[in-house]
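Hello,

Here is the structure I promised to pass on. My notes on strands, turns and salt bridges follow below.

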Amino acid sequence: MRLKRETLHYEETAESRARHGEEGFDEVLIDLAFSAILECVNCKDKVACCGSGGYAPDQYQDENGDLNMDYREEFYVRYFSKAMRIFSVPAKCPKSVKRSIEKSFNVFFCDPGAASNHVRQSAEEILTNSGIAPTDTKGKFVPLGTRIASFKAIDKDSADRVDALRWIGNFGSHPENITVNDVFNAYDILEVLLEDLYVGHQKSVRSLVDKINTAKRPS
């Protein structure tokens, strides 16, 4: 996606304008609101976005070698009219898992905590689709940690990844403790987990490597 610069519109917020008379106020304290249109470089589809912004100091050297200070606009997207796909979900991924991932993508930029909670939900759906039921034979809820322990007996590597997603998702319930980078880490783990479970190329290669190394000859 690229910005259609002619669609970029921004203005200072009323709260920011009201602070102009305060002692010590300068450009870096200005708050902006913006909207713009992004265009896909391939299909030419359009996506609207909006968010906040401000001014950051920008030091540069002029033709005489002297250092000068200016300010540049910086913008932070909070909402997209269409969810941005942070990574590609495998075609064979179960629908319930995919739905949770898409919900996470929908709120990633505006609410990292909620995004991480949806990642945790996708991890629970992965367990369900792997045969680890969310309830016992009496219909009683089975804690996620217990389900992960059961999954470890089947696929330890995948279970460890699900466990990591659980911890990140748990922190998402306390938004002050979760960052965008935390959610990106969760997406990295989830992407590898999905590849192993629903594509299998890396897992098959690891199995082939082990087989060759054990036999000390071509497979």
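Lys46 is partly exposed, at 37% relative accessibility. The scale is this: buried is under 20% relative accessible area, exposed is over 50%, and partly exposed lies in between (1.4 Å probe, protein chains only). The side chain of Lys46 meets that of Glu39 in a salt bridge, 3.1 Å from N to O. By salt bridge I mean a side-chain nitrogen of Lys or Arg within 4 Å of a carboxyl oxygen of Asp or Glu. Glu39 counts as buried, because its relative accessibility is 11%. Arg2 joins in too: Arg2, Glu39 and Lys46 are linked in a network of salt bridges.

Before the rest, the ground rules. This is a predicted model, where local features need pLDDT of at least 70 and side-chain atom pairs count only at pLDDT 80 or more, while totals for chains, interfaces and linings use all residues. Residues are numbered from 1 along each chain as its sequence is written, and side-chain values use heavy atoms, with hydrogens and water left out.

Now the strands. Helices (H or I, at least four residues) and strands (E, at least two) are DSSP runs, numbered from the N terminus. Two strands pair if DSSP finds at least two bridges between them. Strand β3 (residues 31-39) runs antiparallel to strand β4 (residues 46-61), with nine bridges. Within that pair, Ala36 stands opposite Cys49. β4 also pairs with strand β5 (residues 67-80), again antiparallel, over 13 bridges. There, Gln61 has Leu67 as its bridge partner.

Both turns deserve a look. Six residues separate β3 and β4 in their hairpin. Lys44 lies in that loop. Its phi is positive, about 70°, although Lys44 is not a glycine. Lys44 is partly exposed, with a relative accessible area of 40%. The hairpin of β4 and β5 has five residues between the strands, and Gly65 takes a positive phi near 85° there.

Back to charges. Side chains of opposite charge can pair when their charged atoms come close. The structure holds 12 salt bridges. One of them joins Glu124 to Arg120, with the closest N and O atoms 2.5 Å apart. Both lie in helix α3 (residues 112-129), four residues apart, about one turn of the helix. Glu124 is buried, at 16%.

Another salt bridge links Asp163 and Arg166, at 2.7 Å between the closest N and O atoms. Asp163 and Arg166 are three residues apart in helix α5 (residues 156-171), so about one helical turn separates them. Asp163 is buried, at 16% relative accessible area. Arg166 is buried as well, at 15%.

Best wishes
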